[in-house]
Amino acid sequence: AGATDVRTFIPMQGDLYVGLTAFDGLSVYFDLGVHGSYEASVMYGHELGTPAIYGYAKIGHFMPPYGLRLANHNVFVRQEIGFGPREKDTGLELGLQLGPLFIQGAILSGSGSEAFTDENRKKAMVGRFELLGALGPLHLMFGGSVYWNESGNVIDLASGPVDTRTDHLLGSLHWGASLGRFVYLGE
């Protein structure tokens with residue numbers, strides 16, 4: 001058998017999820033991927049006086065709250081802008097649901113997978129919102145996200161310092177519509 005006869009199996013994604021609810025509102029979550037990615041967080045969420053108002057705080061190492069966060073890491077809105085399967089970051093995320101409006105914000109270390117090439121002097125900031133509604137059987141969703149981070153560092157060379165720091169400002173809009181069993185998403 002020649003080299004062209006080799007057959008193999010390459011899983012695109014496989015994860016082990018472990019979640020624990022310590023008591024009402026407090027959750028501990030861990031996700032280990034077959035290709036080395038992981039998420040770990042502690043989250044506390046609670047109704048704020050009425051079921052229409054809910055808030056949560058999450059701390060740990062997780063995917064930033066940006067865009068639709070589709071599981072398919074090959075789509076442009078994940079891989080090409082730096083939110084691939086290993087692109088988790090460490091920080092604090094806060095969320096608030098006010099009826100049909102859902103707002104999330106996060107302060108992250110800003111280094112992500114570039115921990116060895118980012119001097120990490122600046123923190124990444126992420127903001128996301130989503131508005132949900134319905135027109136009879138038609139359910140609609142509209143939202144947007146913003147991500148800002150300065151990454152890079154100053155490298156001292158024999159010819160003098162080289163500044164590789166750059167600002168990253170990303171913005172996106174996303175939407176969705178569902179009618180019965182049909183769902184349409186866009187970003």
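# Close-up views of a predicted model

The structure holds two salt bridges. The model shown in these views is predicted.

**View 1. Salt bridge between E93 and K58.** E93 and K58 form a salt bridge in which the closest N and O atoms lie 3.7 Å apart. This pair links distant parts of the chain, with E93 in strand β5 and K58 in strand β4 (residues 53-62), 35 residues apart. Both E93 and K58 are buried.

**View 2. Salt bridge between E130 and R128.** The closest N and O atoms of the salt bridge between E130 and R128 are 2.6 Å apart. E130 is buried, as is R128.

**View 3. Overview of the protein chain.** One helix and 12 strands are found in the protein chain. Their order along the sequence is β-β-β-β-α-β-β-β-β-β-β-β-β. The protein chain has 187 residues, of which 31% are buried. Among its contacts with a separation of 6 or more, 42% come from residues 24 or more positions apart.

View 4. A nonpolar patch on the surface is formed by L20, V28, V42, I59, L92 and L94. Together these residues have about 500 Å² of accessible area. One of them, L94, is located in strand β5 (residues 89-98). L94 has a relative accessible area of 45% and is therefore partly exposed, since this class lies between the limits of 20% and 50%.

**View 5. Hairpin of β11 and β12.** Strand β11 (residues 166-179) and strand β12 (residues 182-186) run antiparallel and are joined by five bridges. Across this pairing, G176 stands opposite L185 in β12. Two residues lie between the strands of the hairpin. In this hairpin, G180 takes a positive phi near 65 degrees.

View 6. S172 is located in strand β11. With a relative accessible area of 15%, S172 is buried. The side chain of S172 makes a polar contact of 3.5 Å with the side chain of E187. Not counting residues up to four places away in sequence, S172 touches Y66, G67, G143, G144, S145 and E187.

**View 7. E150 in strand β8 and D167.** E150 belongs to strand β8 (residues 138-151). The relative accessible area of E150 is 17%, so E150 is buried. The C-alpha atoms of E150 and D167 are separated by 4.4 Å, although these residues are 17 residues apart along the chain.

**View 8. L140 in strand β8 and G176.** L140 is placed in strand β8. Its relative accessibility is 35%, so L140 counts as partly exposed. Leaving out residues up to four places away in sequence, L140 touches L131, L132, G133, L135, G176 and A177. For L140 and G176, the C-alpha to C-alpha separation is 5.8 Å, and the separation in sequence is 36 residues. G176 is also the residue that stands opposite L185 in β12.

View 9. P137 is found in the loop between β7 (124-135) and β8. P137 has a relative accessible area of 59%, so this residue is exposed. Apart from neighbours within four places in sequence, P137 is in contact with S178 and L179. P137 and S178 lie 8.3 Å apart, C-alpha to C-alpha, and 41 residues apart in sequence.

Key: Residues numbered from 1 in each chain as written. Predicted model: local features only at pLDDT ≥ 70, side-chain atom pairs only at ≥ 80, totals over all residues. Heavy atoms only, no water. Helix = DSSP H or I, 4+ residues; strand = E, 2+ residues; numbered from the N terminus. Buried < 20%, exposed > 50% of the residue type's maximum accessible area, 1.4 Å probe, protein only. Contact = heavy atoms within 4.5 Å. Pairing = 2+ DSSP bridges. Patch = residues over 30% accessible without salt bridge, like charges linked within 9 Å, V, L, I, M, F, W, Y side chains within 5 Å. Areas by Shrake-Rupley, 256 points an atom, 1.4 Å probe, with all protein chains shown as cover. Salt bridge = Lys/Arg side-chain N within 4 Å of Asp/Glu carboxyl O. Polar contact = N/O pair within 3.5 Å; in protein donor to acceptor, adjacent residues only side chain to side chain.
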